[in-house]
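Please look at the sequence and the structure first.

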Amino acid sequence: MLKIRKFAAIDIGSNAVRLLINNVIEYKDKETQFKKSSLVRVPVRLGQDSFTVGEISKQNSERMIDTMKAFKFLMKVHGVEKYMACATSAMREANNGNELVETIKNKSGIEIEIIDGKKEAAIIASTDLHTLIERDKTYLYIDVGGGSTEFTIFSNGKIVNSRSYKIGTVRLLNEMISPETWKDIEKWIKSNSKKYKSIEIIGSGGNINKLFKMSGRKPGEPLSYIYLNAQYQFLQEMTYEDRISELGLNPDRADVIIPASRIYLNASKWSGAKKIHVPKIGLSDGIIKLLYHIEKEEKASYV
């Protein structure tokens, strides 16, 4: 006997807004499965406003309201029973972020929680990350966003240290990252990885997923540092227009993919990692798992 339920996650990032709808398949004698039913991505680049002007523009505010209204209808027709909406650095840093959250709630009925980098990293870690991590290995987990990047060291299957930095693809595009920030990250990665004999990277976020897809590798096969470096040089030599027309990249992916590659390459260099695993997980997946586990715990406490 199985039961199919639907849960949704809304991820309001600095480069795009996503709605992920998952089928949550509950079995009587087997582990619950989470299967993607639908993913909608809307290219609202909030970080462009937030990081350069300090507030979200009227145009993007209206686009956000419309997006949330559309997401509300999509969740209704899919029969979603529970959802959670999280906003990250762009909304967090905008002077009018809280005000926009309130307006969205009034106009669409969608309630948004603005989360910090630490909570973001914790939500992502609640995904299937534990199933990918081999106990006897050490990993540097990197989640690159538009406004911030989360770095986490896993060793013996446990989190050893975690840090969020205000470095992201939209900030890098706008040349808003000082050499000091890069030096801080280098110092943190080197001091946290030097005690381990070997380290591998796990990468998440839309850009590394795209780079993995472009590599043609099979799921589960890692990218090599050499491949990523060659791809970075290749992308840099192309014009923005060519990246769209020849590689088929989305216009809002064709520019940020280069700074994202730079973050991964530097992290590989400083940690000495030669392999980059791309398990295709992110904040949206983590939100759905979190929703499900919270509900399970609540039910258990009533028994």
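Buried means under 20% relative accessible area, exposed over 50% and partly exposed in between, with a 1.4 Å probe and protein chains only. Helices (H or I, at least four residues) and strands (E, at least two) are DSSP runs, numbered from the N terminus. This is a predicted model: local features need pLDDT of at least 70, side-chain atom pairs count only at pLDDT 80 or more, and totals for chains, interfaces and linings use all residues. Residues are numbered from 1 along each chain as its sequence is written, and side-chain values use heavy atoms, with hydrogens and water left out.

**Strand 6**
- In strand 6 (residues 138-144), seven of seven residues are buried.
- One side carries Thr138, Leu140, Ile142 and Val144, the other Tyr139, Tyr141 and Asp143, and all are buried.

**Partners of strand 6**
- Two strands pair if DSSP finds at least two bridges between them.
- Strand 7 (residues 149-155) pairs with strand 6 in the antiparallel sense over seven bridges, and Tyr139 stands opposite Phe154.
- Four residues lie between strand 6 and strand 7, which form a hairpin.
- Strand 9 (residues 200-204) pairs with strand 6 in the parallel sense over five bridges, with Ile142 opposite Gly203.

- An open sheet of five strands has the order 3-2-1-4-5, with mixed pairing.
- Strand 3 (33-42) and strand 5 (112-114) each have a single partner strand, so one side of each is left without a neighbour in the sheet.
- Strand 1 (residues 2-12) and strand 4 (residues 82-87) run parallel, joined by six bridges; Phe7 stands opposite Lys82.
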